[in-house]
Amino acid sequence: MTDTVTSTPELIDGVYREGAPIADSKAPGGDIAGKWTTRKFEAALVNPANRRKLSVIIVGTGLAGASAGATLGEAGYQVKSFCYQDSPRRAHSIAAQGGINAAKNYKGDGDSVHRLFYDTVKGGDYRSRETNVYRLAEVSADIIDQCVAQGVPFAREYGGLLDNRSFGGVQVSRTFYARGQTGQQLLIGAYQALERQIAAGTVEMYARHEMLELVVVDGKARGIIARDMVTGEIETHLADAVVLASGGYGNVFFLSTNAMGCNVTASWRAHRKGAYFGNPCYTQIHPTCIPQAGDHQSKLTLMSESLRNDGRIWVPKNAEDCDKDPREIGEDDRDYYLERIYPGFGNLVPRDIASRQAKNMCDEGRGVGPAVDGVRRGVYLDFADAIGRMGEDAVRSKYGNLFDMYERITGENPYQVPMRIYPAVHYTMGGLWVDYDLQSSIPGLFVTGEANFSDHGANRLGASALMQGLADGYFVLPNTIRDYLAKGPFTKISDDDPAVVEAQQTVTSRLEKLLSIDGTRTVDSYHKALGKVMWEKCGMERTEEGLREAIEEIRALKADFWSNVRVLGAADGLNQSLEKAGRVADFLELGELMCIDALHRRESCGGHFRAESQTEDGEALRHDDEYAYVAAWEWGGDDEAPVLHKEDLVYDFIELKQRSYK
Amino acid sequence: MATSTAPARAARKGPPSILLKTVVAVTGLFFVFFVLFHMYGNLQILVGPEAFDEYAHHLRTFGEPMLPEKSFLWVFRILLLASVVGHVWASMSLWRRAGQARTTRYAGKKKTSYGGFYAKAMRWGGLALLAFVVFHILHFTTQTITIDGAHASPAERVISSFAVWWVVGIYALAMVFLGMHLLHGVWGAAMTLGLNTSLQRAEQIRFVSILLATIVVVGFLIPPFAILFGFIE
Amino acid sequence: MKLALKIWRQDGPADAGQMVRYDIDGVSEDSSFLEMLDLLNEQLITSGEDPVAFDSDCREGICGMCGVVINGEAHGPERTTTCQLHMRSFNDGDEIVIEPWRADPFPVIKDLCVDRTSFDRIIQAGGFISANTGSAPDAHATPVPKEDADRAFMAAECIGCGACVAACPNASGMLFMGSKVTHLGELPQGQPERGARVVAMTEQHDLEGFGGCTNLGECTRACPKGIPLNVISQLNADYRRAGYGGSSAD
C-alpha cells in the first residue's frame, strides 16, 4: 500500500501519473456482519498501566475530534487536543441542523443495521467501501445510547421516549434530532466529555492553535508543528500517534456553508508528507441555501431541506420576467421545472438533482433575485400554495424558525414574497484516504470524521455526517488505534531531531515568505478568485474543457499569490490575515488536485456530474466497469503531477444499480 | 493562553456570591415583614390617636407578664440591626465584586437600559434609604431631632411633625425610594431563593413585587398626607 | 451606506488601547455587521493599515465565537448574534461605537478579540455528566418526561458567546452557568452529580472573577438564544439544596 513509485510512470492527460493500486484496505475477512467484532478482537490491547505512557495528538475538536479525545482520555492515554477556535465548543459540527441516523428501529418500521448500510451505500452512489459503511451502521445505535447518557436533549414524545423522523427521502424513521440544533447538542455533549477529561488531567487542551505541519520520523507520524495564534509562537508537539479530525474543505469554494475558519491545512500538510488524498472531487452541494446577495458576502447559510416538502420551486418562463415582483407573474408564466421534468418525485428529487437543475435554470438566464457579476443566481421556493392549503399558522408552526432566519438575512418576509434559494457547497465526501482502521497511508496518522474519505462515497445521505463523526470518535478509532499504540511507546524523539527541525523550518520560512511578499492583493481577493473558478468549473457540473481551464487558471492564480499577496503585520502575535494566507495557499494546491481528480473521473456519480457522461435525457451516468474505485492521490511534489493509486471497490453484499428519479 | 487547563489563581476572597445574595434576600424579606408590620401600626392613627398610642404602648409590653417590659422590642431591634448590617455588608461585597469584574467601562451608551436604573435604585437608593432610616430613628425613636417641640404622646409627635410640609416631603421621597427598592428587591429575593422556575412563575413574582411595593408606599403615605391635609388633628 | 465607526484598537493583552475612528462608505444594507467589518479590513489592508481583529466562525448564529458590543449593546440592537445582525438595522450616516466584551475574566487579546477560556474552565469544574464511552444503557432505558426534556433543551441552547457577561452590569456569568445547571439538572441522567456540579461550577465562577447576579435581567435581554432568567433561579435553588457549598451532597 505504501509502495513508493520506483520508476516515474508516464504522464496521463498531461496532469497526473498512475502508481501501484492499493491492494488491501485491511478489513478482516468473513461475513460482513462479523468483521467489526473480529477486528475489535484481533486489535491488540494496551495494558492500562502502559496507557499513560502513550501519547496521542488530536487536531480538531468537532464531533470526531472531541469524542475521540474524551474516549482516549477516559481510557488513560495522554491526549493533546488542538483547535483553531477559542474553545473546542465552537467547531463547525455545531451548525448541523437536521439530525443523526441510527439503526435503532424504535419505530418498528423495518429498519435494521443492514438497511442503514444498504441505504448509505446506495445513497453514496456505490462509491464507498462496503466494510466501513457496514461498521458505521453497526455502531450507530451505540452513539444514541452514549449521547443520551451524557445528557444530549434529543426530542422526545409525550411518553418520554425518543422521537424519530424520516429524513432526506428515506422510507424509515431513523433520524434522532434536537429541534433544528442537533449538531449543536451532540457537539456540546462531546465537548463536555472532553472538558471532563481536561479537568481529570488526561487531555491537555490547546485552543487558538493551528497545526501547520506534520512531523514524520522514520516513516511514522510522530507529532505536529503548531502555531499559537495568540503569541505567534511556533510550537513542536510530539506523540506516539497523530489523529486528524480537522473537518472538510468546502471553503475551497470561498462561499460555502462552512465556518469562516474551516480549512484544509492540517489535511493538506499531511498529504504533502505522504498521506494519500481520497476522492477530492466529491463535494456535496445543498439545494436549499439562501442565495448570495452581493459581492460583500462572506458565507452562505443553509436552510433545512424539509422546506421542499411543502414549498414549490419555480422560475419565470421568460427571462424578461426575472426582475418582476414574483407575485405579479401569472401562473401560466411560471415554470415549476422540477415538477415538469421529474413528475414522479417533483420537488423532492435528491439533493444533487435539485441543485443541478437550479443551476441550469440560472445559466439559461431565468434566475431571480439580485444579479451578482451579471448573473441572477436564485430560484423561487414558493409557499403560497402551502399557505392556501394549510393556512399561515400551520406553515408558521412547521417552518417558523426557518422563515425567521430567512427574513433576518434577506430582509424579505417569506409569508408574503416567495423565498429565493440557490445551491451551495456544504460537505466534502472526499478527504484523506484511510484503511479500515482509519489509518492513513502514513503509519501512525489516523484520520476521522469529515477529514477522511471513507463512508459516504460520492454523495452523503442526510443525517449521516453526525453519525460518522461520532462513530469514528467514540467507537471506531479508540478500538483501532490501540492496535497501533500497542507497539509503542516508540523511541523518544528530541526536539532537535532533523525531521523535527526540518518541519519547524518549513513552517517558519513559509510564514516569513508570506509576510515578506508585500504585494498589492489581499488574501481574500485570491480566495474569492479561487472560489469562483472552483464553483464555475469544478462545482455542480464539470466538463473536460472547463476542468482543463480551471487547472491552468488555478496555477496562474497560485503563481500570482506567491508573488503579489499582501499580508500585513508580524508573526509574533494574533494576525488573522497571516492565518488566512496560509489556509488560502493550501486551498490553491488542493483546488488543483480536485480539478485533476474531477478530470480523470470521466463518469457522473453522486456529487460529481460530468457533462460528457449523461443519459439521453440528461441524467447522471455512472461507469461501474471503469470507475468503481477510490482515487487515492499521492503528492507528487511542488509543481509535479500527483500520482493516482486506485483502490478497487468490491461489492460482495450489495448489488450495484443505476439511480432513477423519473 | 496556551491551554484552557485551569491556571493557578488567587483563591476567591470571601463567601460564595450566591451565599451573599441569599443573605441579602433573607434579610430583605425580613425587612418586608417588618415594614408591613410597621405600616399596620401607622395606619392605627386613622382609627384615632388613642389607638395609635395604645399600639405603641403594646409594642413595649408585648409578651408581658411572661417577658419583662420592652424585651420583645429589643429582641426585634437587635434582629433588625443585625439584618441591616448583613444586608448592607453582603450588598456592598457584591457591589465591590461587580466593580472588580469590570474595570474597563463601555464607551458606547445604550439607548434603553432597564438594569441601569434598577441597579442605581438598589445601590444608591439603598444607601439613601439607610440615611433615611437613621434620620427616622433620630426623629421618632430617640427624638434627637424635634420638628415642633417635644411631645409625650407618640401620636402627637407624629401629627405635629407631619403638619409640616417639608417633613412630609422627606418622608414621601423616602417612600418612593422604598417602593423602587421593593419593586426589584422582592423580585430579586424570589429569584435568589429559587422561586422563579418558569416564565409563568416569573409573571406571578413580578405581580407580587408590584403589589407589595404599591401597598407599602400607599400604606405609609396615607397617614402623613391625611395629617398634612388636616383629616387628622 | 456611509458610516462613522469608532472601534476599540488594542495591539495586545498588555497594551492600553484606544478608540479609533474610521469612515467607511459603500456598505450594502444587505451585508451583515461582520461583512461590514470585512469590507473595512479590505480597505485597511489596501491602504497599509493593520486590519481590525475580531472573532467569528460559523457566521450563522450558532457557534458563539463572534460578539462585540455595538453602541453599548452586546451583539447590537437586535436580539441575535453579531454575525446575524444586518446593516439594514442601521441608518445611513450613523455613528457606531464598537467595543470588545468588557469583563475582567474575559481579557482582551487584540482589538475586539477576548479570551473566554474562563467559560471552559467553568464547564471543566462540573458542567458534564460522567458517562464514559461504552458504558451507556439503551437510550430508552430511562424515559424523560417531555416537559423536563423540553426545559433541558431550552437551557441547552446556550451558545457560550458571553453576551450575558458583557451585558450584565455586574459582569456576572450566572446566565451561562445557570443554563448548564438547568440543562443537566432537568434530566434523570444528571441527578447523581447535581449537587456537586452546582457547587463546583459556582466556585469556579467566583474564582474566575465574575460578579454576582443582581437579578436585573440584562443578560437575558442580550442573549441571542433568549435563555430565560429562571435558569439563574434554578441555579440558586440547586445551590441552596446543595448546602451553599458547605457540603457537596445533594
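Helices (H or I, at least four residues) and strands (E, at least two) are DSSP runs, numbered from the N terminus. By that definition, chain A has 17 helices and 23 strands. Its radius of gyration, taken over C-alpha atoms, is 24 Å, close to the 26 Å of the globule rule for 662 residues, so chain A is as compact as a globular protein of that length. The rule itself is 2.2 Å times the number of residues to the power 0.38.

A word on the source: this is a predicted model, in which local features need pLDDT of at least 70 and side-chain atom pairs count only at pLDDT 80 or more, while totals for chains, interfaces and linings use all residues. Residues are numbered from 1 along each chain as its sequence is written, chains are lettered from A and ligands numbered from 1 in the order written, and side-chain values use heavy atoms, without hydrogens and water.

Along its principal axes, the C-alpha trace of chain A spans about 75 × 65 × 50 Å. Of the 662 residues in chain A, 66% are buried, meaning under 20% relative accessible area (1.4 Å probe, protein chains only).

I turn now to the partner chain. In contact (heavy atoms within 4.5 Å) are 75 residues of chain C and 70 residues of chain A. Together the two chains bury about 6,000 Å², 52% of it on carbon and sulfur atoms; buried area is the accessible area (1.4 Å probe) that two parts lose on being put together, summed over both. C:T133, C:H140 and C:F153 supply 12% of the area that chain C buries against chain A, more than any other three residues.

How values were computed:
Buried < 20%, exposed > 50% of the residue type's maximum accessible area, 1.4 Å probe, protein only.
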